[in-house]
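Reader: Could you walk me through this two-chain model, with the cut-offs spelled out?

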Amino acid sequence: MTKEECKQVVLEIIAEIAPDEDLNDIKSDVRLRDQLDLDSMDFLDIVMELRKQHGIEVPEEDYPKLASLDSCAEYLTPKFKAVKA
Amino acid sequence: MAAGMEVPEARPDYDTIIIGCGMAGLAAGIRLAMFDQRVLILEKHNAPGGLNSFYFQEGRKFDVGLHAVTNYVEAGVRGTPLAKIFRQLRIPRDAFELSPQVGSRIAFPGVDLRFNNAFALLEEDVAQAFPGEIDGFRELRAAVQAFDPFDLEAPVIPAREVVRRHIGDRLLEDMILCPLMYYGSARENDIDFDQFVILWRALFEEGFGRPLEGVRVIIRALLDRYRELGGKRRMRCGVRRILAEKGVVHGVEVESGEILTAGRVLSTAGRPETEVLCGMKATDPDLRNQVGRLSFAETISVLDRSPAELGAGETIVFFNDSDRFHYEQAAGPVDLRSGVICMPNNYQYDQGAGLEEGLLRVTALASHEKWTAFADERYRAEKERWFPRILESALRFLPEVEPAAVARHTVYTDMFTPRTVEKFTSHLGGAVYGASEKSRNGKTRWENLYLAGTDQGFLGIIGAMLSGISIANGHLLKTKEERDVQVNEQ
């Protein structure tokens, strides 16, 4: 999985948990919280969906690594590769 | 389990058992089922909904509890509790079919404060009636907006203490507190500041809404969602005891004697009520001290026309006839000094839609002790005696309405008392808002037994759902995650 594909997966999850958000102009390098109305409950759901849909575990201390799409890609891409392997 | 018996580490029947199929239990159940937990909700009654339920009588459907859905915001308003609930439960907003209120009022001797779903009206009326206090009122609003009521570990502060930092006039203080207390304080003559903040936002910043068909629309939406996710429930299946031992719970024994095991138990039964299920005696003085002291009676008048046709076009009226507002256990069967009038017809329903009959409900503080002491026949006679007195007391605050006209157009009546409340909610003492001391973080003396709902401390119908969601997120989902991580690491 490429970093771009990884960002796409995260966006799809956000679209599912927050259908009322406009995801068209999301900037990769800006914190998701600063662009979207997402709170800690929503971040929990992103983590839960990553586990449920993709078998990826994100321990609580790593939640900050999901701040922006770029940081998500950085952090999650190796995890996706590990799961696929 | 017999002492000394070696119990093998068997997989429990359920990941989580939830006691109570009310708003909190259903919301928690949905969250857990959403993330593949095996969940069972146990409910002792036949009807779901808990404090906010409904019943049928002589062909009519009545709501209990629900006067209004608080926290109403228009579609598209984000970040409020209502929006959080739709998002967390992944229920479409339309499923609740909410229509906004017409307008409400706080009526005290010589002063009226109106409020609706836009804050400006209340602010305007405060400025008009209390010109010297408007700056303080705005400061108080700023303090409310700056406060995070969802910090579950924050210390409890009495609301009056905070209100008095900003507002000097006791009449205004009481008028602000009256609706907030009536809609959620488990404490006499005060309210915890975090609950004050939640209720201020729920009533004044956001406001009232209601589905045309009443609370069952919301219950149906929750049940459908829970079922769709594979959640299980058993109705008319009361819990006899929680299997609690050495700081851990293993499951429950239901009324039939059947044992159901679970990795965790979430109780929405209330804090003292849960202690009783864990083996404490209901008569234990430590436990009696925890039981809330506030209960209510309510009269329901079914009219052959809408209340507006009789001159009452408002949604909710909170009234008080005395110098100070007394929110405390009634000394007699009913405290007639204050109360709440609720008229479910007066919402902005879709064009052409409306209730078939008029409804006028009046709620007042009532004594659980007095109503439960009456033998059956006397109880019925006392209800007959108090019904007209409660109604008459309320009609003082609807000056446009002629009391004789209400009597003439009444086609049916019903009434509930603290005795009814206790029977249907299982809250000891008929305490609608539960124990005065809350368990805000939902933890108990048992490491895998949690509380949600009324005694967790988020109140009202939206609060109850948020409570279920918060405790599920904070403890029940996290615990599983952590356990999974541990398993993966082994």
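This is a predicted model: local features need pLDDT of at least 70, side-chain atom pairs count only at pLDDT 80 or more; totals for chains, interfaces and linings use all residues.

Author: Residues are numbered from 1 along each chain as its sequence is written, while chains are lettered from A and ligands numbered from 1 in the order in which they are written.

Reader: What is the radius of gyration of chain B?
Author: Chain B has 15 helices and 18 strands (DSSP runs, H or I of at least four residues for helices and E of at least two for strands, numbered from the N terminus). The globule rule (2.2 Å times the number of residues to the power 0.38, with the radius taken over C-alpha atoms) gives 23 Å for 490 residues. Chain B comes out close to that, so it is as compact as a globular protein of that length, with a radius of gyration of 23 Å.

Reader: And which elements does chain A have, from the N terminus on?
Author: Chain A holds four helices and zero strands. Its C-alpha atoms fill a box of roughly 35 × 25 × 20 Å along the principal axes. So the order, as there are just helix runs to list by the DSSP definition, is α-α-α-α.

Reader: How much of chain B is buried?
Author: A residue is buried if 20 or more other C-beta atoms lie within 10 Å of its own, exposed if 12 or fewer, and partly exposed in between, with C-beta atoms placed from the backbone. For chain A, buried residues make up 27% of 85. Of the 490 residues of chain B, the buried part is 51%.

Reader: Which residue is the bridge partner of B:Arg241?
Author: β10 (residues 239-245) and β11 (residues 248-254) of chain B pair in the antiparallel sense over six bridges (pairing takes at least two DSSP bridges). They form a hairpin with two residues between them. In β11(B), the partner of B:Arg241 is B:Glu253.

Reader: How many residues does chain B give to the contact with chain A?
Author: Contact here puts C-beta atoms, placed from the backbone, within 7 Å. Chain A gives 11 residues, and chain B gives 11.

Note on methods
Two residues are in contact if their C-beta atoms, placed from the backbone, lie within 7 Å.
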